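Student: Please take a close look at one residue in the loop regions of this model and explain how its surroundings connect to the rest of the protein.

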Amino acid sequence: MNPRSLIQRTCAVLALIALSVYLFYTGKGHTLLLDTNAITVNGRELRAPASATVSIDGQELDAPMGRAERAMVTVSGPGHRILIVDDADSGKKVEKSFTLPTFMDRALVSIPAILGGAPEELWVTAFVPPPLEDAPVERMQRQREDPAPGSDGQNAKGQTAEPPK
């Protein structure tokens, strides 16, 4: 193999690696949870309007959002533009741009923070699902699976019961 072909092959491999990194970065999918729950910033409560139309990157949600609602949108790429129109009273329009970190799969976007002029760090946060609670149904299923004390011939202390004499 001569040095010229080695350089050509190396350049081709580096170009493919650079292309794959670029495509990963621009095509990375994110799930956005648009949240209208009230938040408190510096002792001031920010609330969402009673009804708001929200669109992300020109894609409008199916229905207007009310207070204390969440909507899910799937987007790709790092940079996004959100347009919020207050349908309730004033018809106020707010359009903002934000960037998502590459490895944030699920993000929570706070509509009241954007409308209330909160700092950009509070607009988008990583979504962490709440821990699953031990529901009563699950507890009942576990009780059915675990034998009750005494059902296998043993009493509650684990001693074998003797038949009466």
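Tutor: A residue is called buried when its relative accessible area is under 20%, exposed when it is over 50%, and partly exposed in between, with a 1.4 Å probe and protein chains only as cover. Glu 69 has a relative accessibility of 35%, so it counts as partly exposed. The model is predicted: local features need pLDDT of at least 70, side-chain atom pairs count only at pLDDT 80 or more, and totals for chains, interfaces and linings use all residues. Residues are numbered from 1 along each chain as its sequence is written, and side-chain values use heavy atoms, with hydrogens and water left out.

Glu 69 sits in the loop between β5 and β6 (70-76). Helices (H or I, at least four residues) and strands (E, at least two) are DSSP runs, numbered from the N terminus. A contact means heavy atoms within 4.5 Å. Leaving aside residues up to four places away in sequence, Glu 69 touches Leu 34, Asp 35, Thr 36, Asn 37 and Pro 64. A polar atom of the Glu 69 side chain lies 2.9 Å from the backbone nitrogen of Gly 66. This is judged as a polar contact: a pair of N or O atoms within 3.5 Å, where, within protein, one must be able to donate a hydrogen and the other to accept it, and residues adjacent in sequence count only if both atoms are side-chain atoms. From C-alpha to C-alpha, Glu 69 is 9.8 Å from Ala 48, and the two are 21 residues apart in sequence.

Two strands pair if DSSP finds at least two bridges between them. Strand β1 (residues 29-35) runs parallel to β9, joined to it by five bridges. Within this pairing, Leu 34 has Val 109 of β9 as its bridge partner. Val 109 in turn has Val 124 of β10 as a bridge partner. Here β9 and strand β10 (residues 124-126) are antiparallel, with three bridges. Four of the five residues of β9 are buried, so this strand is largely enclosed by the rest of the structure.

Between them, strand β4 (residues 52-56) and strand β7 (residues 79-86) are joined by five bridges and run antiparallel. In this pairing, Ala 52 is opposite Asp 86.

Searching the whole structure gives one aromatic pair. Rings of Phe, Tyr and Trp (its six-membered ring) pair if their centres lie within 6.5 Å; planes under 30 degrees apart count as stacked, over 60 as edge-to-face and the rest as tilted. The ring centres of Phe 24 and Phe 103 are 6.0 Å apart with planes at 40 degrees, so this pair is tilted. Phe 24 is in helix α1 (residues 3-27) and Phe 103 is in the loop between β8 and β9 (106-110), so the pair ties together parts 79 residues apart in sequence. Phe 24 is partly exposed at 41%, and Phe 103 is exposed at 69%.
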